[in-house]
Amino acid sequence: MFLRKRTKQSMKDSLADAIHTETPLKSLIEKADAVVVGAGSGLSTAAGYTYCGERFQYYFADFIEKYGIRDMYSGGFYPFPDMETFWGWWSRHIWLNRYAPIPNDTYDLLLNAVNGKDYFVITTNVDHCFQRAGFDKTRLFYTQGDYGLLQSYNPHGASKHKTYDNEDIVRKMLIAQGFEIDEKNNLIIPEGTILKMKVPSDMVPYCPDDGELMTTNLRADNTFVEDAGWHEASQRYKKFLNDHEDKKVLFMELGVGMNTPVIIKYPFWRMTKAWKDSAYACLNINEAYAPDEIRDRSVCISGDIRKILQEN
């Protein structure tokens, strides 16, 4: 849709020259007219959003013991026995990954790398870290939802295209379980407290527009709500691509795996191939690669994204 034929320009002024420098990523960013950032879960993992290990074990010890859940990701699909327990789990999950402080400075480093450039971000992440780190919200497209939003379980009528902010109700759910939340939004387990695993029945959220139970606004099936903000961001992204296809564009892919390659990875490859003055950068642990067709205009760096950004 975005790829139109263009006249061939001299490669002397292309981004390909920057690939052969000692710091190719930094040179590519500096030389580019625009940077399109594509971010997957690997970027948030680099930022400290680990879904297993110490962080998970501390806040979900009771769920681990009772239900045998091994990590936050699989816990999101667990068939809890009732909605009170469902929201006991999800209120913790949402707060830790959406409202609590970002664990480290990975997103700050990325913002510093593209600051001053004409950029746009497309991401499958749902933790809202880009906006919280100071990225321009009009240059962000969250394709898969937002932990900070709820939607109807069965969107129809007035709720069909609507989402609802959840910070207030999630906070109340956590306090009802025995947690405390400080002024920086850190989630605290008071010493000696035995947490409740359920929220009170009157806190189970129902949609104010259709009366249905509510759930998280995360793309899982065809009930996912693409609200007005989603569509506006999608149009801004399309316009950005259309406005920049004749320019030196760096497609910078960060932590994108093969779970949903059609959203970021494949389009980045196609556009890099078609836009002769563009370049592709892939930062990922053990999955940094590019197709043969664009390899001469690609920089692939395998390693921890935070360390790569620190070094560049």
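The model is predicted, and the values below are computed from it.

**The largest pocket**

Start with the largest pocket, which holds about 1300 Å³ of space. Its lining is made up of 43 residues, and those nearest the centre are Tyr 73, Phe 77, Val 126, Tyr 147 and Leu 218. Helix H2 (41-46), helix H6 (83-99), strand E4 (145-152) and strand E8 (214-218) each give two or more residues to this lining. H6 contributes the largest share, with five residues.

**The second largest pocket**

Next comes the second largest pocket, with a volume of about 450 Å³. Among its 24 lining residues, His 128, Gln 131, Tyr 142, Asp 146 and Leu 149 are the closest to its centre. At least two lining residues come from each of H6, strand E3 (140-142), E4 and helix H10 (228-244).

Here is how the two linings divide by class:

**A look at Ile 64**

Now turn to helix H4 (residues 61-67), where you will find Ile 64. Is Ile 64 buried, partly exposed or exposed? Ile 64 counts as partly exposed because its relative accessible area is 28%, and that class runs between the 20% and 50% cut-offs. Leaving aside residues up to four places away in sequence, Ile 64 touches Phe 56, Gln 57 and Ile 69. Tyr 142 lies 78 residues from Ile 64 in sequence, and their C-alpha atoms are 30 Å apart in space.

Technical notes. Residues are numbered from 1 along each chain as its sequence is written. This is a predicted model: local features need pLDDT of at least 70, side-chain atom pairs count only at pLDDT 80 or more; totals for chains, interfaces and linings use all residues. Side-chain values use heavy atoms; hydrogens and water are left out. On a 1 Å grid over the protein atoms alone, a cavity is a set of points where a 1.4 Å probe fits but cannot get out, and a pocket is an open set with protein on both sides within 12 Å along at least five of seven lines; lining residues have an atom within 4 Å of a point. Grid points are joined across faces, edges and corners, and a volume is the space filled by probe spheres set on the points. Helices (H or I, at least four residues) and strands (E, at least two) are DSSP runs, numbered from the N terminus. Buried means under 20% relative accessible area, exposed over 50%, partly exposed in between (1.4 Å probe, protein chains only). Contact means heavy atoms within 4.5 Å.
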